[in-house]
Amino acid sequence: QVHLIESGGGLVQTGGSLRLECAASGHTFDTFTMAWFRQAPGMERDFVAAINRNDANTLYTDSVKGRFTVSRDRAKNTMYLQMNTLTPEDTAVYYCAARNGGLSGYYSAYDLWGRGTQVSVSS
């Protein structure tokens with residue numbers, strides 16, 4: 001059975017940093033596009049960042065460009081999201097997702113999802 005498990009969330013102050021991890025089990029995800037989405041209370045699930053199957057290309061939503069970096073360690077079957085200069089607007093549950101296709105920022109394009117990890121940024 002395939003699983004995506006997020007970790008690394010927590011509470012930080014404005015300007016702080018966190019690194020999220022998404023560990024994949026039950027399947028090798030090195031041929032998949034992987035992505036991060038986030039969902040704030042009462043809001044829709046929004047795209048954050050994605051990395052394509054050969055790690056040659058990445059995609060970011062405008063609000064995190066220059067602050068967040070998505071990467072992958074194929075040996076560990078794990079994807080990361082390094083988040084710097086966090087603001088209260090980054091507060092959300094962060095989800096990782098996978099798809100057997102190219103880069104996409106659309107929620108409906110992804111087939112596999114983790115259960116999420118909470119990120120809270122205090123002002």
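In what order do the elements of the protein run from the N terminus on? Please then describe the nonpolar cores and the aromatic residues.

Analyst: From the N terminus on, the elements run β-β-β-β-β-β-β-β-β-β-β, giving 0 helices and 11 strands; helices (H or I, at least four residues) and strands (E, at least two) are DSSP runs, numbered from the N terminus. The model is predicted, so local features need pLDDT of at least 70 and side-chain atom pairs count only at pLDDT 80 or more, whereas totals for chains, interfaces and linings use all residues. Residues are numbered from 1 along each chain as its sequence is written, and side-chain values use heavy atoms, with hydrogens and water left out.

The largest nonpolar core has 27 residues, and M34, W36, L81, M83 and Y94 have the most contacts inside it. Such a core is a set of buried Ala, Val, Leu, Ile, Met, Phe, Trp, Tyr and Cys residues joined through side-chain atoms within 4.5 Å. Buried means under 20% relative accessible area, exposed over 50%, and partly exposed in between (1.4 Å probe, protein chains only). At least two residues of this core come from each of β3 (18-25), β4 (33-39), β5 (45-51), β7 (68-73), β8 (78-83), β9 (92-99) and β11 (117-122).

Beyond its neighbours within four places in sequence, Y94 is in contact (heavy atoms within 4.5 Å) with residues including L20, W36, F37, L81, M83 and V119. Another core, of 7 residues, lies apart from the largest one; F37, F47, A109 and Y110 are among its members.

Turning to the aromatic residues, the structure holds 6 aromatic pairs. Rings of Phe, Tyr and Trp (its six-membered ring) pair if their centres lie within 6.5 Å; planes under 30 degrees apart count as stacked, over 60 as edge-to-face and the rest as tilted. Y110 and W113 form an edge-to-face pair, with 6.4 Å centre to centre and 70° between the planes. Y110 is buried, at a relative accessible area of 5%, whereas W113 counts as partly exposed at 24%.

For the protein as a whole, 41% of the 123 residues count as buried.
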